[in-house]
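I opened this entry to keep track of what I looked up.

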Amino acid sequence: MGLIPPTPAERELLARYPLDLPALERELGITLPRDYLERMMFHPTPDHPRAAERLRGARRPTPSFRHTTTVAIDIRMVKNQKLETVYGAA
């Protein structure tokens, strides 16, 4: 999807970032990939729905007796991604 890998300078900055991966894993109760920080910075990531709702001022959906469901997905794109290619891949 047109992702650009980090440059050597960006990789150096990532290596200097003070992320305590074992402590984060303990807090979350899961095992994270060793390249977690790179993935968070250089790959598209889904945003937390509650955070997106707060930004847009949305309210919690109310139950409906209709036979349809609407879902909003918020994905943070990264450098060099184009909406057309991301949307077309869905």
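Predicted model: local features only at pLDDT ≥ 70, side-chain atom pairs only at ≥ 80, totals over all residues.

**Surface and make-up**

Residues are numbered from 1 along each chain as its sequence is written, and side-chain values use heavy atoms, with hydrogens and water left out.

I then looked up burial. Of the 90 residues in the protein, 16% are buried (buried is under 20% relative accessible area, exposed over 50%, partly exposed in between; 1.4 Å probe, protein chains only).

For secondary structure I found 5 helices and 2 strands, in the order α-α-α-β-α-β-α from the N terminus. Helices (H or I, at least four residues) and strands (E, at least two) are DSSP runs, numbered from the N terminus.

I also checked contacts (heavy atoms within 4.5 Å). Among those with a separation of 6 or more, 64% are between residues 24 or more positions apart.

**Salt bridges**

How many salt bridges does a search of the whole structure find? I got 3, where a salt bridge is a side-chain nitrogen of Lys or Arg within 4 Å of a carboxyl oxygen of Asp or Glu.

I took Glu38 and Arg11 to begin with: their closest N and O atoms are 2.7 Å apart. This pair links distant parts of the chain, as Glu38 is in helix H3 and Arg11 in helix H1 (residues 8-16), 27 residues apart. Helix H3 covers residues 36-42.

Is Glu38 buried or exposed? Glu38 counts as buried because its relative accessible area is 18%. Leaving aside neighbours within four places in sequence, I listed Pro6, Arg11, Leu14 and His43 as the contacts of Glu38.

Next I looked at Arg34 and Glu25, whose closest N and O atoms are 2.9 Å apart. Arg34 has a relative accessible area of 60% and is therefore exposed. Glu25, at 14%, is buried.

I finished with Asp35 and Arg39, whose side chains meet in a salt bridge at 2.9 Å, N to O. Asp35 is partly exposed at 33%, and Arg39 is partly exposed at 42%.
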